[in-house]
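This briefing is meant for someone meeting the structure for the first time. Please look over the sequence and the model before reading the points below.

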Amino acid sequence: GVGLALCRRLLEEDGRIHLCVACRNAQKSEATRDLILEAHPAAQVSTVEVDLGSLASVLRAARELRCRFQRLDFVYLNAGIMPNPHVNLKALWKGLLTGRVLHMLTTAEGIMTQTDRLNGDGLQEVFATNLFGHFILVRQLESLLCGNEKPSRLIWTSSSNARESAFSLSDYQHAKGQESYSSSKYATDLTSVVLNRKLNKQGLYSSVVCPGLVMSNMTYRILPVFLWKLLMPIMWLIRFFAKTYTLTPYNGAEAHVWLFKQKPEYLDALVKYHSCTSGLGKNYVEPRKIDVDEETAEKFYQKLLELEEQALERYGDLLD
């Protein structure tokens, strides 16, 4: 998906970097590393095993990274899940009749639902994997990210599906709704905004990107494979009207790579950077204001800190 494409594209930008690839299991880590080295045999590529949906795994990985590295320049927070996705065909038909179908197809608003569940830590699985695991990882790695000679960067993979209407402070894990993916991505936007306010002075900058609609393993699970094959010609055609139909992981990583080359001090903390592809296949980045309320962001951050405190009490044996 986007993660593998990003690794390859970063090495095309600068072959001197040391990439540390994080994957859920050792087998996947090594397979990913081999794929990267096929294209860049001289590259420095190491791996770390981490399941963002397991707090114990996140804490173990953070401890390992603190032992292996003195600093981290970039952390791409790209892991994400969308379990049991369902397409609301009735809503899609209604959008077609009301002229909102293009908006719905580019944001999935009103047509995509998920069935979430609790994970082994007693957290909603989508919230834990898409946001909270990343948040704990960042908090545990602050000693490698803050106070360095050059600024360090967090780059979160958000989505155009990140909508305020799917998020609630009183149910920030989205236990009661059916749009857990949208809620988790809006929570990502909120978190990035607050981290900039808290940590810019310590040399850590946070940005959010949207890769657009990318055909990846996660996307292919939404519909049966034969339907995707039938729809692909239509999707290529839609791209003449919907620039966020990036379709390939390489195109989807455009904003991630663009941010790699920018000076963070000059970026707007309230902007999301969207990977876009023209109908003729030209890649570019489009900045769009994030629809967040900064007071809500601060309140949500305090809830994350409270949840973090509970988690660390439970897994104290994994802390230094």
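Ser 278 is in contact with Arg 239 and Tyr 284, once its neighbours within four places in sequence are left aside, where contact means heavy atoms within 4.5 Å. The model is a predicted one, in which local features need pLDDT of at least 70 and side-chain atom pairs count only at pLDDT 80 or more, while totals for chains, interfaces and linings use all residues. Residues are numbered from 1 along each chain as its sequence is written, and side-chain values use heavy atoms, with hydrogens and water left out.

- Ser 278 lies in the loop between β8 (271-277) and β9 (283-289); helices (H or I, at least four residues) and strands (E, at least two) are DSSP runs, numbered from the N terminus.
- With a relative accessibility of 22%, Ser 278 counts as partly exposed, a class that lies between buried (under 20% relative accessible area) and exposed (over 50%), using a 1.4 Å probe and protein chains only.
- Although Ser 278 and Phe 240 are 38 residues apart along the chain, their C-alpha atoms are separated by 6.4 Å.

**The chain as a whole**

- The chain contains 13 helices and nine strands, and 52% of its 320 residues count as buried.
- Among the contacts in the chain with a separation of 6 or more, 72% are accounted for by residues 24 or more positions apart.

**Helices α1 and α2**

- Helix α1 (residues 2-13) packs with helix α2 (residues 26-39) at an angle of about 35°, and their axes are 10 Å apart; axes are lines fitted to C-alpha atoms, for helices over the stretch in contact, and angles run from 0 to 180 degrees between N-to-C directions.
- On the side of α1, the contact is made by Leu 4, Cys 7, Arg 8 and Leu 11, and on the side of α2 by Thr 32, Leu 35 and Ile 36.
- By class, this contact of α1 with α2 has five nonpolar, one polar and one charged residues, where Ala, Val, Leu, Ile, Met, Phe, Trp, Tyr, Cys and Pro count as nonpolar, Asp, Glu, Lys and Arg as charged, and the others, Gly among them, as polar.

- Arg 24 is found in the loop between β1 (18-23) and α2, and at 49% relative accessibility it counts as partly exposed.
- Thr 47 has its place in strand β2 (residues 44-49) and is buried, because its relative accessible area is 18%.
- Not counting residues up to four places away in sequence, Thr 47 touches Cys 20, Val 21, Ser 29, Glu 30, Arg 33, Glu 64 and Arg 68.

- The buried residues of α3 include Leu 55, Val 58, Leu 59, Ala 62 and Leu 65, and what covers the buried residues of α3 includes β1, β2, α6 (125-140), α7 (142-145) and α13 (294-314).
- The buried residues of α10 are Trp 228, Met 232, Met 235 and Ile 238.

**Two residues with positive phi**

- His 174, in the loop between β6 (152-157) and α8 (180-199), has a positive phi of about 60° although it is not a glycine, and at 9% relative accessibility it counts as buried.
- Leu 247, in the loop between α10 and α11 (249-252), is not a glycine either but has a positive phi of about 70°, and at 2% relative accessibility it counts as buried.
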